[in-house]
Number of protein chains: 2
Amino acid sequence: MTFTIEFQPRGLRIDRTQPINGLDAARQSGINLSAVCGGEGICGKCVIQLLSGAENFKPSEIERNYLSSEKINQGYRLACQTTFDSDVKIYIPTESIIEDQILQIEGGESSHIIHPAVHQFELELKGAHLKDLTSDFSRIKATLKNEALTTELDVLRCIPNILRENDWKVNLWIRGKEVFHASSTRNTNHIGLAVDVGSTKIACYLLDLASGKILTAKGTPNPQIAYGEDIMTRLGYAMQGSAQAETLFHLTIDAINQAAAKMCERLNLSPNEIADGCLVGNTAMHHLFLNLPAGSLAVSPFVPVTTDPIYLPAQELGITAMPGAAVYAPPVIAGFIGSDHLAFLLAARFGEDQRVRLGIDIGTNTEIALQAGGRIVSVSTASGPAFEGAHIKHGMRAAPGAIEHVQINENGNVEIQVIGSQSPIGICGSGILDAVAQMREQNILNHRGRMNKTAPGIKLSANGKPEILLSASKKPITLSQNDVDQILLAKGAIRAGIDILLDYLKVNASEIEEIVIAGAFGSYMLPQHAISIGMLPRVPLDRITTVGNAAGTGARMMLVSTLSRTRAEELADQIEYLELTVYPDFDLFYARGIQA
Amino acid sequence: MTFTIEFQPRGLRIDRTQPINGLDAARQSGINLSAVCGGEGICGKCVIQLLSGAENFKPSEIERNYLSSEKINQGYRLACQTTFDSDVKIYIPTESIIEDQILQIEGGESSHIIHPAVHQFELELKGAHLKDLTSDFSRIKATLKNEALTTELDVLRCIPNILRENDWKVNLWIRGKEVFHASSTRNTNHIGLAVDVGSTKIACYLLDLASGKILTAKGTPNPQIAYGEDIMTRLGYAMQGSAQAETLFHLTIDAINQAAAKMCERLNLSPNEIADGCLVGNTAMHHLFLNLPAGSLAVSPFVPVTTDPIYLPAQELGITAMPGAAVYAPPVIAGFIGSDHLAFLLAARFGEDQRVRLGIDIGTNTEIALQAGGRIVSVSTASGPAFEGAHIKHGMRAAPGAIEHVQINENGNVEIQVIGSQSPIGICGSGILDAVAQMREQNILNHRGRMNKTAPGIKLSANGKPEILLSASKKPITLSQNDVDQILLAKGAIRAGIDILLDYLKVNASEIEEIVIAGAFGSYMLPQHAISIGMLPRVPLDRITTVGNAAGTGARMMLVSTLSRTRAEELADQIEYLELTVYPDFDLFYARGIQA
């Protein structure tokens with residue numbers, strides 16, 4: 001049965017079928033109620049007034065602590081202490097509303113509410129004496145008016161000295177209902193660490209947890225590369241034994257710690273001030289950075305050990321942070337769909353509207369999600385590293401000296417654009433995509449992907465195979481039939497994934513209202529060329545958006561907001577994984593996808 | 001508002017004002033519903049039928065897993081999934097009731113329901129394949145039909161190998177909603193460790209968690225004694241620095257581990273099979289065995305760091321047990337009222353009826369609780385070690401060779417009874433008590449506690465002070481005026497505590513319906529002598545019960561039953577601590593108490 005919650009004076013309404021907490025209801029309606037404690041009943045700020053039926057909401061002890069009997073009789077309650085399950089009309093006093101703190105996400109339109117998982121409370125207690133013999137921790141709970149608070153032995157071990165050497169003042173860090181750290185004085189900094197552990201690169205961000213702002217960022221190569229360029233080689237290494245698996249684990253954690261230390265150094269901070277963390281990655285990275293056995297990811301049917309969100313002490317992973325700080329690892333979806341994909345979909349706001357949307361994160365494995373008819377289905381497709389320049393004769397990553405764009409006219413004349421405007425030393429993904437697309441447009445390439453040996457600009461290489469010369473400077477850069485084959489295999493895998501998703505959800509390509517493309521390659525490539533080689537279905541160009549490292553964006557959103565974490569977990573529950581290899585006629589889809 | 005829950009076919013009823021879970025309600029009414037999972041919704045055994053108003057109890061997903069739609073329409077539900085807050089009539093099917101498993105407590109009349117905190121589940125999963133790609137842990141949750149289960153990384157690290165090397169079978173240990181241990185095969189043993197850490201002796205018990213039976217027990221001296229006979233000396237040592245505090249902590253844990261290892265050896269078990277633990281002690285012992293800073297217990301106003309119950313990984317304390325096993329440390333009440341006192345009151349069933357009852361645990365500190373008018377008030381009084389034979393010229397502990405009973409006739413002739421029927425080498429607490437009481441009865445001692453130098457049997461010692469010769473064998477055993485003074489000070493402290501409690505709760509001594517006496521000395525002493533020297537108020541002897549080491553009994557109850565833990569926590573909330581030293585006219589009460 002649907003019921004309506006109405007908020008006055010703004011006149012906002014939400015409809016629900018399931019009971020909902022008052023604080024969440026206000027937020028869903030778009031009202032950012034003040035709740036510095038995060039809804040734990042510690043701050044008493046989220047005051048609301050029930051305009052009818054207040055007698056059905058028996059005030060809790062916590063509410064009696066913060067509201068006078070008179071206020072309670074007038075229907076005042078704390079939003080965080082109420083649960084609504086039927087029609088209700090609520091008045092929100094102005095003083096309960098805070099100005100929305102919005103995080104503008106770089107490279108995207110998204111904004112979201114900052115709501116960190118950790119909070120700092122500076123307390124001044126009344127000292128113990130013979131007529132008030134409450135224990136230290138009970139005294140803290142009483143001062144915070146929250147009997148449900150818990151803590152760890154490590155914190156209890158610090159508290160007595162702090163209180164007695166500091167005139168019964170103490171600064172507490174609270175996460176949920178847990179006091180996780182105690183110190184003599186308030187920390188001036190309130191920082192968190194977000195990390196996107198990519199197979200190639202680890203992207204680290206230091207954020208101000210209060211404002212949600214990025215303080216600084218640092219990318220560092222994933223040192224696991226020494227044990228294999230591709231994930232399967234690394235998993236194979238990890239499967240040799242627990243010592244090998246631990247090597248990969250420690251390498252990753254060390255790299256994160258080093259990057260975090262360098263970022264802190266820049267800002268004159270200490271890594272011991274990092275009060276919270278969020279780590280995302282593909283499922284293999286996720287298992288390796290948590291030191292979970294990754295063997296089952298390396299052999300069919302490729303199942304993860306767990307897909308649950310994990311929020312664990314930073315110390316347990318060896319991540320340098322404030323004593324007691326925790327690290328959040330969001331859910332993964334399947335063996336080849338990790339928390340980076342989830343973070344991407346979160347940042348791209350999948351599941352928040354009813355539009356038909358396609359989300360693609362292009363990499364060695366390309367994850368694709370299709371949202372349609374209230375469902376979100378994700379697939380992973382082995383697109384290979386061609387778009388990252390691997391297995392391409394002159395291929396390279398997008399770096400200075402890489403040809404990033406190519407133009408070919410009908411005479412076979414080639415114009416190139418090089419990163420850093422220097423002499424070209426290779427060609428990166430977007431350049432390769434351009435070249436193949438232009439060759440197809442100029443009919444240098446036929447629909448089966450064969451180069452026309454007699455077309456202008458085409459030469460025969462030493463082994464008699466055709467190739468096109470893209471640059472004749474110091475180092476000649478060519479693109480061979482073999483290179484083209486690699487690209488067609490890669491785009492074919494992606495297209496097959498898209499077509500199967502459309503087929504599965506019975507959506508026509510023309511119905512796609514938006515294609516969101518994430519990843520470095522996605523930011524550089526020209527969408528029209530992705531369409532012309534058939535990597536993407538033919539949609540109007542204005543329906544294609546690129547969002548860069550959206551996984552990093554999602555990780556940062558989850559770092560600074562428990563609401564984003566909740567949203568991500570809901571999203572993870574909603575996302576259905578579709579296994580391509582057992583889809584009917586998978587081979588046919590793939591063969592069709594490869595065609596140029 | 002009071003509502004009634006009625007259980008058919010037994011016709012049992014309970015009245016409530018607060019909402020109550022169905023499982024708890026049944027238990028309160030005396031019906032032991034089957035619930036091997038402990039009310040976690042994993043076993044589906046606690047089926048009940050609502051005879052009216054079933055439509056108000058929307059079945060949960062868990063209930064739908066275990067009950068057919070037909071059953072649900074007939075009002076069948078799982079007791080653990082229901083909460084009652086208004087009048088209701090319930091039918092309990094015979095198959096939902098288990099034969100009560102009752103633990104008979106040695107030396108007492110008490111019995112209680114066995115309900116361990118840990119449970120073992122042997123699972124056989126359907127293996128993963130390309131059409132069923134659920135992660136290992138989700139597969140476990142689905143098989144147990146409980147999506148709320150959680151686990152730790154350490155367990156996740158074991159699971160994949162166990163499943164794949166064991167044909168998808170796994171044996172899980174679950175505590176609450178947490179899978180804390182996984183193994184290939186079912187453990188045949190289901191054992192737990194209960195410990196009463198006394199200042200002098202550590203009493204350890206190994207129990208079968210399924211039956212609640214004591215498998216074996218072992219007492220071991222508390223090795224902290226090397227750092228001080230009395231608690232204050234030890235606390236002083238611990239306050240010298242964290243290294244010193246850790247020494248005391250490690251000594252205690254090592255002693256527990258050694259005792260547990262020896263008990264396991266006797267039974268051909270491994271300490272790694274210990275699946276749960278419960279540790280009680282006075283507040284100083286509690287802080288020392290948890291390695292909490294104990295400094296605040298050594299200086300006025302003597303407040304504990306925390307009084308909360310603590311349930312933490314055994315590993316965190318260094319206690320050898322099954323990986324993932326936890327140890328429960330029940331609440332303490334105040335600086336001088338520990339969890340041993342709570343365990344005693346739990347075992348003695350304080351708070352379960354409305355009788356006027358006095359509970360006394362005699363030791364160096366004597367804790368006394370008075371239950372009256374729905375309240376329980378506890379005090380601690382510094383009775384000193386005289387009853388343990390310390391500070392008494394020929395005093396000794398109750399051991400072979402100790403005079404344990406003394407009879408003096410009107411001619412001053414003395415008859416003695418010696419432990420082990422050997423030649424006496426000293427006198428223990430009960431003997432001293434007898435001697436003093438008999439001297440008073442024969443007017444050898446006047447009401448101010450002075451020995452009559454001219455009375456029969458009294459001699460003057462070398463220093464001219466009177467003494468009574470108790471035994472003239474090989475080693476003459478005497479009791480001097482100074483010895484008598486020590487006893488009068490000790491009993492005076494106890495009597496002052498009792499009288500203040502009676503005064504505080506406005507109870508007349510004649511209203512006391514039961515005096516429960518715990519502790520070793522309490523078991524040996526003759527109650528009539530405790531009355532005749534004025535240690536206890538004059539009550540009919542049949543109102544005095546002795547219960548031995550009741551703290552150990554309480555610890556065992558809490559080890560094998562979460563219901564006892566809950567009860568203990570409720571009791572801890574109910575017990576009021578009264579600080580004697582600031583009580584009006586404390587000195588007067590004490591002076592009056594000392595009189596012989």
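A:Asn443 sits in the loop between H11 and strand S26 (458-460) of chain A, where helices (H or I, at least four residues) and strands (E, at least two) are DSSP runs numbered from the N terminus. Although A:Asn443 is not a glycine, its phi is positive, at about 60 degrees. Welcome to a predicted model, in which local features need pLDDT of at least 70, side-chain atom pairs count only at pLDDT 80 or more, and totals for chains, interfaces and linings use all residues. Residues are numbered from 1 along each chain as its sequence is written, chains are lettered from A and ligands numbered from 1 in the order in which they are written, and side-chain values use heavy atoms, with hydrogens and water left out.

**How the two copies are arranged**

**Where the chains meet**
- Chain A gives 40 residues to the contact and chain B gives 40 residues, with contact meaning heavy atoms within 4.5 Å.
- Because 100% of the interface residues of chain A are also interface residues in chain B, the copies meet through the same surface.
- About 3200 Å² is buried between chain A and chain B, and carbon and sulfur atoms give 64% of this area; buried area is the accessible area (1.4 Å probe) that two parts lose on being put together, summed over both.

**Salt bridges**
- Over all chains, a search of the whole structure finds 35 salt bridges, each a side-chain nitrogen of Lys or Arg within 4 Å of a carboxyl oxygen of Asp or Glu.
- Two salt bridges are found across the interface of chain A and chain B.
- A:Lys141 and B:Asp308 join their side chains in a salt bridge, at 2.8 Å from N to O.
- A:Glu229 forms a salt bridge with A:Arg397, with the closest N and O atoms 3.3 Å apart.
- A:Glu229 lies in the loop between strand S16 (214-221) and helix H6 (231-238) of chain A, and A:Arg397 in the loop between strand S22 (375-381) and strand S23 (402-408) of chain A, so the pair ties together parts that are 168 residues apart in sequence.

**Helix packing**
- In chain A, helix H11 (residues 429-441) and helix H12 (residues 481-504) pack at an angle of about 100 degrees, with their axes 11 Å apart; axes are lines fitted to C-alpha atoms, for helices over the stretch in contact, and angles run from 0 to 180 degrees between N-to-C directions.
- H11(A) and H12(A) are therefore roughly perpendicular to each other (angles under 35 degrees count as roughly parallel, over 145 as roughly antiparallel, 65 to 115 as roughly perpendicular and the rest as oblique).
- A:Ile432, A:Val436 and A:Met439 of H11(A) make this contact with A:Val484, A:Ile487 and A:Leu488 of H12(A).

**Cis peptide bonds**
- A cis peptide bond runs from A:Ser300 to A:Pro301, with omega near 5 degrees, and A:Pro301 lies in the loop between helix H8 (283-289) and strand S18 (310-313) of chain A.
- B:Ser300 and B:Pro301 are also joined by a cis peptide bond, with omega about 5 degrees.
- B:Pro301 is found in the loop between helix H8 (283-289) and strand S18 (310-313) of chain B.
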